Amino acid sequence: MRIEQPRSLQARQLLAASLFLVAFLALAGYALDRAFIKTARDRLNERLQSYALSLARETDFARDGSFVDPFNLPDARFSRPGSGLYAEVVFPNGHWDSESAQGPQLPAAALLPRGTSRFEGPLPMREIDGSTGEVYRYGLGLVWSSDENNPEAEFLYTIYVYESTDALSAQVQVFRSALWRYLGGAGLVLLLLQGTILRWSLLPMRQVIDELKRVQRGQAARMSERHPRELEPLTDSINAFIESERENLDRQRNTLADLAHSLKTPLAVIRSRLDDPTADGELLRDEVRMQVQRMNDIVSYQLARAASRGHALFAQPIAIQPHAEQIVTSLEKVYADKGVICEFELDEGMQFYGEPGDLQELLGNLLENAFKWAKSRVLLTVKPVPCDDGRRPGSLIAVDDDGPGIPPEKVALILQRGVRGDERVQGHGIGLAIVQDLVRAYRGEMEVKASEELGGARFEVRLPPGL
């Protein structure tokens, strides 16, 4: 079964933004359409009300209550049949229709109470040609009085003004056509602009991809430093990974070269002794045994160094205190005759980000060295080293002893990278060479100085903050 490849980030963002833009324009268009229709109906209401008030001023009744045709109509369309603008006056004993209403069958109209106005529509009506149409209607309830002193001479009448929905529908249609044409054009321009902006904003991502491809092809050694700050953690992690792999490869090459170089001398001695016909058998066996032991020491040391994997990105945190307690318990048994006491100054929750074997090597060699040279006291200190850029803090691991200490002129000598057996056992032994390699692998620093608290030597390891 073929697995569908996920869309690119640009396609995802463009699709999401396009859907949002279409939805926004649709809602905006709908809101503007509703607002225009309401405004048009309000204006129609005001216009019909104006016609009704004008007709009210022209309306007159005879003393017998018969209606007198108005002399001046507010609009010429009232006099043109089928014009779409109609007037009607309803009174108790009949009604009057404008000339434009001769032929169409207007909706039934009733008398309205005095001072009442009503806007309705659309209402159905029948046109002159027999087709069905719709009209909006405005009604105004009035009272006619032939004698102000005689209430019985008063009667109600209502003026109705009708207008066909065709005019309003045509306005709405023109508005909708223009609205969606402009909104569509604006949406297309915004989509193009949006695509351009997305392409421009994702340009650093494409540059990162191009640089990564160049690194993969061997055309570049690492990622460049010029990237937006949002991408810096990614590029820094990639560079750290590249450097870590390169360092691991170099360390493996160095280990093989050191092993070959270290074994060359013992093998040459054995070969020369075996080729010597005058060599005594017992002396030959002792010499071979000594050289084999020497080679065994060399192999053990190089294997110990090769087993330390060094700096690993994104490693799981390891609690330091349990490992430290386990190592100290073992060392107290080994050096029980000296009665050395190890004190802890560990901040609660301190963790080591790396391989468990590296932590064992680091603490084991430093503590064993301190136990070896201490008189009675050893101090292990582990504290965090905070940083200001929001990354996880680094670590300070220090081991103090109350031994004779180390002269400043010998510090560089005991921390030299061991190559041959006699070099490795110089000073404090091969353990410090392993510690030095581990510290370098984790991009840390190690400092050897006098212990202010115990008076002996102080080995201080600083591991940098994490990415």
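**Strands, helices and salt bridges in a predicted model**

Strand E6 (residues 132–145) is largely enclosed by the rest of the structure, because ten of its 14 residues are buried, where buried means under 20% relative accessible area, exposed over 50%, and partly exposed in between (1.4 Å probe, protein chains only). Helices (H or I, at least four residues) and strands (E, at least two) are DSSP runs, numbered from the N terminus. The model is predicted, and local features need pLDDT of at least 70, side-chain atom pairs count only at pLDDT 80 or more, and totals for chains, interfaces and linings use all residues. Residues are numbered from 1 along each chain as its sequence is written, and side-chain values use heavy atoms, with hydrogens and water left out.

Strand E6 runs antiparallel to strand E5 (residues 117–126), to which eight bridges join it, and Gly133 in E6 is the bridge partner of Met125. Strand E6 is also joined, by eleven bridges, to strand E7 (residues 154–164), again in an antiparallel arrangement, with Tyr157 in E7 as the bridge partner of Leu142; two strands are taken to pair if DSSP finds at least two bridges between them.

In helix H6 (residues 320–334), the end C-alpha atoms are 22 Å apart, which agrees with the 21 Å that its 15 residues should span at 1.5 Å a residue, the expected span being 1.5 Å times one less than the number of residues. The buried residues of H6 are Ile320, His323, Ala324, Ile327, Val328 and Leu331. Seen down the axis of H6, these buried residues fall within an arc of 125°, so they line one face of the helix; the arc is that of the directions from the helix axis to the C-beta atoms.

The structure holds eleven salt bridges, each defined as a side-chain nitrogen of Lys or Arg within 4 Å of a carboxyl oxygen of Asp or Glu. One of them joins the side chains of Glu343 and Arg377 (3.1 Å, N to O). Because Glu343 lies in strand E9 (residues 341–346) and Arg377 in strand E11 (residues 377–385), this pair ties together parts that are 34 residues apart in sequence. Glu343 is partly exposed at a relative accessible area of 31%, and Arg377 is partly exposed at 32%. A salt bridge also links the side chains of Glu460 and Arg458 (2.9 Å, N to O), where Glu460 counts as buried at 6% relative accessibility and Arg458 as buried at 16%. Salt bridges that share partners join Asp400, Lys449, Arg458, Glu460 and Arg462 into one network.
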